[in-house]
Amino acid sequence: ATRDGLAMPLGGRSYTVEMADGEPELLTETLRELRPSSLLIVTDSNVRTARGAWLEAALRPLGALPRSIVEIVPGEPSKNLSTVSRIWDHALAEGVDRDAVVVAFGGGVVGDLAGFAASTLLRGVRCVQIATTLLSMVDSSVGGKTGFDHVAGKNLIGSFFQPNRVIVDLEHLSTLPARERAAGLAEIVKIALVDDAELLHALERDAERLASGDRAALRPIVRAAIQAKIRIVRDDERESGKRALLNLGHTVGHALEANGEYTSLLHGEAVAVGTVLEMRATARLGLTPADLPSRAEALLRRLGLPVSSSATEVEAAWPFVLSDKKRAASSMRLPTVTGVGRGEVITLTIDALRDAVLATCS
Ligand code: NAD
Ligand code: ZN
């Protein structure tokens, strides 16, 4: 069997991340344990088409359990208040009660929206996260950050709300487009750079197989990335310290993503570019070992990711850095790679970051 349960220990609210490859029974069993009064399934139209049969196979044995589905338009532009509102309206029209369970069936966009809706409906109903993208498997489904975007910037409204279970079935990756797979690999590189030297080596060893979607190669990498995320969240659930390391590449990445109105770069692609630019900037400031930015860039390239941006683009995107939620007055906290698999959150002025980033652009 390919099953594997990874524990997320969080005081009284522990849960498990269940891994498998082609086992909808994982969801059937989870729901038998949770005994919900009804299910509110949140998904998007791509996921429903590509993975609907998996969901049906999981729910069939549960027979009469009441369920309803909210299907959203795929992609980051849907991650807003009006979609949350649609989920709330739907749930209340269906007569949701405190024993209902919200099932997030999709990638990070669905997971963040459904998790937020679950955290606010009736002041909180239970939630199961079923990750269907590589990015959501290793990052967004684990750790309890939920929320949505505001015109002022990405993820500016949200809550910390831990799910009751996370289900990672690698079979979902069989229908995931290559570009989305690469975007997920970018977040794995990010985790490796700040927390896991061994994972970084594994990525460098198997880059081409990973880029091609080889599930045998992906499996240990996904597992290691989830383990790293669990270690970090376990020690710092509310991001008062080391969890901020997971924002490596996201200061510049979010700005590039927002400036492209969330349509030109995928989140993971923006993170890839942001990681390289931020690492080059902190290397210039003497905070990151000089050889590491090129090493990260070479790996990201092999994984099929963009790694650069023009100075014009960065300048156009800079206003979004200024509205970044990690900013405090003129200085900001920036996660920084300080060694292989090692990171530190440093404080620097926004202007120093801007100058160093621009100096690294063509
Ligand atoms: P996504 O949810 O938009 O999914 C990407 C695309 O793949 C969509 O078009 C979707 O319909 C499609 N898709 C999903 N699963 C599929 C499958 N198995 N087969 C075929 N198509 C499939 O994007 P994402 O990359 O999963 O998530 C990005 C979001 O996650 C961003 O909004 C980001 O802010 C958020 N995020 C949150 C956290 C967190 O801690 N909460 C962490 C990292 C990222
Ligand atoms: Zn991210």
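Among the 31 residues around ligand 1 in this predicted model, those that come nearest are Asn46, Gly107, Gly108, Thr133 and Ser140, a residue being near a molecule if its C-beta atom, placed from the backbone, lies within 6 Å of it. Residues are numbered from 1 along each chain as its sequence is written, and chains are lettered from A and ligands numbered from 1 in the order in which they are written. Because the model is predicted, local features need pLDDT of at least 70 and side-chain atom pairs count only at pLDDT 80 or more, whereas totals for chains, interfaces and linings use all residues.

The shell around ligand 1 receives at least two residues from each of helix H2 (45-59), helix H4 (108-120), helix H5 (134-140), helix H6 (178-195) and helix H10 (267-284), where helices (H or I, at least four residues) and strands (E, at least two) are DSSP runs numbered from the N terminus. By residue class, this shell comprises eight nonpolar, 15 polar and eight charged residues, with Ala, Val, Leu, Ile, Met, Phe, Trp, Tyr, Cys and Pro counted as nonpolar, Asp, Glu, Lys and Arg as charged, and the others, Gly among them, as polar. Domain 1 (4-175) and domain 2 (178-360) each contribute at least three residues to the shell, the bounds coming from an automatic or database domain assignment.

The centres of domain 1 and domain 2, taken over C-alpha atoms, are separated by 25 Å. Their contact takes 26 residues from domain 1 and 33 residues from domain 2, two residues being in contact if their C-beta atoms, placed from the backbone, lie within 7 Å. On the side of domain 1 that touches domain 2, strand S1 (4-8), strand S2 (15-20), H5 and strand S8 (153-160) each supply at least two residues, and the largest share, five residues, comes from H5. This side of domain 1 divides into 18 nonpolar, three polar and five charged residues.

For the protein chain as a whole, the secondary structure amounts to 13 helices and twelve strands, and the C-alpha atoms fill a box of roughly 60 × 40 × 35 Å along the principal axes.
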